[in-house]
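Student: Hey, can we go through this model together? I'd like to start with the aromatic rings.

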Amino acid sequence: MAVLTLDRPDALNALDRATLLALEARIGELAGDASVRALVLTGAGRAFAAGADIEEMSGLTAEQAEAFSRLGHRTLLALEALEIPSIAAVNGFALGGGCELACACDWIYASEKARFGQPEVNLGILPGFGGTSRLARRVGIAWARELILTGEPIRAEQAERIGLVNRVFAPDALLDAALRAGETIAAKGPLAVARAKRVLQEGQDADPHVAHVLEQNAFGLVFASEDRAEGMAAFLEKRDPKFRGR
Ligand code: COA
């Protein structure tokens, strides 16, 4: 299990270039580490992340802004494409790029203190790290429109109601809950988990017929694994399985 903590609390963990590059590097390391079976992403202090760094962005040319957006997209895409599942434990503000980052995780658990929003229009800009697509996919186009076009934040309970957040916890119970979910995943067959995650993701982008075929192929593929034989044998022998990831 890996825990990544955004750690610029004085700037409410605003995502500047350096933070995004560090995040991208850590995600790259995790992608190559077969011993890690789940990832929890959270923030230090009173924010998850209060957006892209406005101070840094204020000096960007249009060309530099496009490159910054590309960096954000690349980083979040790498997170989304990780084979291991990721859970965002949103402890406080998840605004702008912070909300977009949480949406690149497989699901979101939130503290009662969390606030979600896409306030970019207050600055005369729009979401630049995938918000228009990932948020719309998660909560539906109408809620994405309301959040992005008004820029107004919502509380954790409302985020739960619209499906942005899976569950809401008391602030001091949040991290434990996310870690427990990660541990639950880590105890399962890693190949099956990775395949299921990929088919869920790729199936969304495909037409239904192709999505069904992707699932059938993945279903067949895991049958060739030792873990499948072990999982079924353990059930029939009434014991816990010992998965090896092969
Ligand atoms: N970029 C850079 N710095 C940020 C930041 C951001 N996105 N969000 C917060 N900060 C900094 C503040 O400038 C402040 O720094 P300072 O202490 O050096 O003045 C520090 O974090 C604390 O923020 P502050 O605004 O004083 O806290 P608050 O409790 O009054 O308000 C927020 C919290 C989240 C409502 C407010 O900080 C905010 O609106 N942030 C910007 C959110 C946003 O527009 N994000 C999208 C960016 S595209």
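Tutor: Ring pairs link Trp 107, Tyr 109 and Phe 169 into a cluster. One caveat: this is a predicted model, where local features need pLDDT of at least 70, side-chain atom pairs count only at pLDDT 80 or more, and totals for chains, interfaces and linings use all residues. Residues are numbered from 1 along each chain as its sequence is written, and side-chain values use heavy atoms, with hydrogens and water left out.

Student: How many aromatic pairs does that rule give?

Tutor: The count is four aromatic pairs. Among them, Trp 107 and Tyr 109 make a tilted pair, 6.1 Å centre to centre with 55° between the planes.

Student: Is Tyr 109 buried or exposed?

Tutor: Tyr 109 is buried, at 7% relative accessibility. Buried means under 20% relative accessible area, exposed over 50%, and partly exposed in between (1.4 Å probe, protein chains only). Trp 107 is partly exposed, with a relative accessible area of 22%.

Student: OK, strands now. What does Tyr 109 pair with as a bridge partner?

Tutor: Tyr 109 sits in β6 and is the bridge partner of Ala 89. Strands here are DSSP runs of E, at least two residues, and helices are runs of H or I, at least four, numbered from the N terminus. Two strands pair if DSSP finds at least two bridges between them. β4 and β6 (residues 107–111) run parallel, joined by four bridges.

Student: And which faces of β4 are covered?

Tutor: Both of them: Ser 86, Ala 88 and Val 90 are buried on one side, and Ile 87 and Ala 89 on the other. In a regular strand the side chains alternate between the two faces of the sheet.

Student: What joins β2 to β4?

Tutor: Three bridges, with β2 (residues 39–43) and β4 running parallel. Leu 39 stands opposite Ser 86 in β4. In β2, five of five residues are buried. β2 also pairs with β1 (residues 2–6), in the parallel sense over five bridges, and there Val 3 stands opposite Val 40.

Student: What's the strand order in the open sheet?

Tutor: Four strands form it, in the order β3-β5-β7-β8, with mixed pairing. β3 (47–49) and β8 (154–155) are the edge strands, each pairing on one side only. β5 and β7 (residues 115–117) are parallel over three bridges, and Ala 94 has Phe 116 in β7 as its bridge partner.

Student: Where are the polar atoms relative to the ligand's oxygen and nitrogen?

Tutor: A polar side-chain atom of Arg 46 is 2.8 Å from a ligand oxygen atom, and a polar backbone atom of Ala 52 is 3.0 Å from a ligand nitrogen atom. Ile 54 has a backbone N or O atom 2.9 Å from a nitrogen atom of the ligand.

Methods:
Rings of Phe, Tyr and Trp (its six-membered ring) pair if their centres lie within 6.5 Å; planes under 30 degrees apart count as stacked, over 60 as edge-to-face and the rest as tilted. A polar contact is a pair of N or O atoms within 3.5 Å; within protein, one must be able to donate a hydrogen and the other to accept it, and residues adjacent in sequence count only if both atoms are side-chain atoms.
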